[in-house]
Amino acid sequence: MLFGKRERTIRRIIVVEDEPLVAFDNEYSLSDAGYEVVATVDNLVEAAQAIEREELDLVLTDIRLRGEGDGLDVARAAAAKGVPVLFVSGNCPVEARELAVGCLAKPYSDKVLKAALEALDRSLQGKKVKKVPPQLSLYEKA
């Protein structure tokens, strides 16, 4: 189809966020944009369980979480299943580069989140990303 929407690589997403309002906003925005949010959790244990049982295209995780463990641990669990991770954090640590495909700096708007996922989708498809939102850092894999 010449002018049709292109096929998305990212369709099924888990949101891992300890701030309830941010989690709700992300879930609503992603669902509204046509993504399937398969789970929204706020801790490592529930995130790891969801990653293990669900078929996912992306894990969207904050660094700081409720309880034991953090977003870096979530990213390690996702890596074990071959699921890409996008960190959403006010401050991504250096080791995030080894565990994720990118980091979206907080605070961000609904529009920026959607633009970041579109850019990330193109990147995961191996296509050139024409416009990267200023709050998004995409990490090159060596």
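Modeller: A crossing counts as right-handed if the near helix is turned clockwise from the far one by less than a right angle, and as left-handed if anticlockwise. The crossing of H2 and H3 is right-handed. The model is predicted, with local features needing pLDDT of at least 70 and side-chain atom pairs pLDDT 80 or more, while totals for chains, interfaces and linings use all residues. Residues are numbered from 1 along each chain as its sequence is written, and side-chain values use heavy atoms, without hydrogens and water.

Colleague: At what angle do H2 and H3 pack?

Modeller: Elements are DSSP runs numbered from the N terminus (helices H or I, at least four residues; strands E, at least two). Axes are lines fitted to C-alpha atoms, for helices over the stretch in contact, and angles run from 0 to 180 degrees between N-to-C directions. Here H2 (residues 44-53) and H3 (residues 71-80) pack at about 15 degrees, with axes 10 Å apart. H2 is therefore roughly parallel to H3 (under 35 degrees; over 145 is roughly antiparallel, 65 to 115 roughly perpendicular, the rest oblique).

Colleague: Which residues make the contact of H2 with H3?

Modeller: With contact meaning heavy atoms within 4.5 Å, H2 supplies Leu44, Ala47 and Ile51, and H3 supplies Asp73, Val74, Ala77 and Ala78. This H2 and H3 set holds 6 nonpolar, no polar and 1 charged (Ala, Val, Leu, Ile, Met, Phe, Trp, Tyr, Cys and Pro are nonpolar; Asp, Glu, Lys and Arg charged; the others, including Gly, polar).

Colleague: At what angle do H1 and H5 cross?

Modeller: The axes of H1 (residues 20-32) and H5 (residues 110-124) cross at roughly 60 degrees and come within 10 Å, so H1 is oblique to H5. Their crossing is right-handed. Asn26, Ser29, Leu30 and Asp32 of H1 meet Asp110, Leu113, Lys114 and Leu117 of H5. The H1 and H5 contact divides into 3 nonpolar, 2 polar and 3 charged residues.

Colleague: Where is Pro107 found?

Modeller: Pro107 lies in the loop between strand E5 (102-105) and H5. A cis peptide bond joins Lys106 to Pro107, with omega about -10 degrees.

Colleague: Over which ring does the charged end of Arg8 sit?

Modeller: A charge sits over a ring if NZ of Lys or CZ of Arg is within 6 Å of the ring centre and within 35 degrees of the ring normal. For Arg8 the ring is that of Tyr35, with the charged end 3.9 Å from its centre.
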